[in-house]
Amino acid sequence: PMDPMELDLMKILVEHPGLFPRAERANLPRLLTSDALRATYAAAATMQAETGRVEISSLLASADPSVRDAVARAGSSEAFANGDPNRALDEWIFTALGRRLGALRKRLTIRIAQAARTGAGDQTQALTQTLRVTQELTQRFDRARRSRQLDDAWGIVPELIQVEQDIHDTQ
């Protein structure tokens with residue numbers, strides 16, 4: 001199933017395609033967990049770069065069938081048509097990063113407990129160190145969110161992705 005939060009990003013950007021360059025600078029495509037949705041995002045970003053807009057019918061024609069219906073609904077929702085689109089994107093960034101960091105800490109805590117139960121001392125130690133790094137990222141994120149420093153929050157994205165990749169590589 002498609003994460004509704006990730007579809008919200010597509011809704012914001014399809015309704016306000018001028019935000020694509022900002023989303024790119026923030027590394028937001030890297031926060032999308034679905035390969036098919038990431039590919040659709042890339043197609044929409046290319047379309048926006050070439051024409052200044054996103055034509056939903058063309059986007060749907062190239063979208064992976066697994067996300068086509070969800071993207072069609074996102075493209076016609078107008079959920080973010082009113083209000084400040086920059087604020088909507090900012091809120092999406094803060095919410096998505098907060099959720100992702102929380103889920104990562106939870107996964108690490110579970111894996112640490114499993115490693116400790118099986119007596120895997122080296123793995124427990126490595127996972128504990130990764131949890132410390134994740135907690136430091138969370139503290140930096142919390143400071144950025146409180147002070148509304150988006151550039152600082154954006155800077156966390158590549159580090160978060162790297163931590164997730166490191167965890168994946170050690171499984």
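What follows is a walk through this chain, from its overall build to its core and its charged pairs.

This is a predicted model, so local features are described only where pLDDT is at least 70, side-chain atom pairs count only at pLDDT 80 or more, and totals for chains, interfaces and linings use all residues. Residues are numbered from 1 along each chain as its sequence is written, and side-chain values use heavy atoms, with hydrogens and water left out.

Let's start with the big picture. The chain has eight helices and zero strands, where helices are DSSP runs of H or I with at least four residues, strands are runs of E with at least two, and numbering goes from the N terminus. Read along the sequence, that gives α-α-α-α-α-α-α-α. Taken along the principal axes, the C-alpha atoms fill a box of roughly 55 × 40 × 25 Å. Of the 171 residues, 42% are buried; here buried means under 20% relative accessible area, exposed means over 50%, and partly exposed is in between, using a 1.4 Å probe and protein chains only. The chain exposes about 9200 Å², and carbon and sulfur atoms supply 49% of that. These areas come from the Shrake-Rupley method with a 1.4 Å probe, and for residues only the protein chains shown count as cover.

Now for how the chain packs against itself. Take contacts (heavy atoms within 4.5 Å) between residues at least 6 apart in sequence: 72% of them join residues at least 24 apart. In soluble globular proteins, nonpolar side chains tend to be buried together. The largest nonpolar core in this chain has 53 residues. Such a core is a set of buried Ala, Val, Leu, Ile, Met, Phe, Trp, Tyr and Cys residues joined through side-chain atoms within 4.5 Å. The residues with the most contacts inside this core are Leu28, Leu31, Tyr41, Trp92 and Ile93. At least two core residues come from each of α1, α2 (20-25), α3, α4, α5, α6 (85-117), α7 (121-147) and α8 (150-170), and α6 gives the most, with 12 residues.

Helix α4 spans residues 56-62 and contains Ala61, which counts as exposed because its relative accessibility is 65%.

On to the charged pairs. Side chains of opposite charge can pair when their charged atoms come close. The chain has nine salt bridges, each being a side-chain nitrogen of Lys or Arg within 4 Å of a carboxyl oxygen of Asp or Glu. One of them joins Asp90 to Arg22, with the closest N and O atoms 2.3 Å apart. This pair links distant parts of the chain, since Asp90 is in helix α6 and Arg22 is in helix α2, 68 residues apart. Asp90 is buried, with a relative accessible area of 14%, and Arg22 also counts as buried at 14% relative accessibility.

Arg38 and Asp35 meet in another salt bridge, at 2.2 Å from N to O. Both residues lie in helix α3, three residues apart, or about one turn of the helix. Arg38 is partly exposed at a relative accessible area of 28%, while Asp35 is exposed at 58%. Then there's Glu55, which forms a salt bridge with Arg53, their closest N and O atoms being 2.6 Å apart. Glu55 counts as partly exposed at 32% relative accessibility, and Arg53 is partly exposed too, with a relative accessible area of 48%.

Gly98, found in helix α6, has its C-alpha atom 30 Å from that of Leu60, 38 residues apart along the chain.
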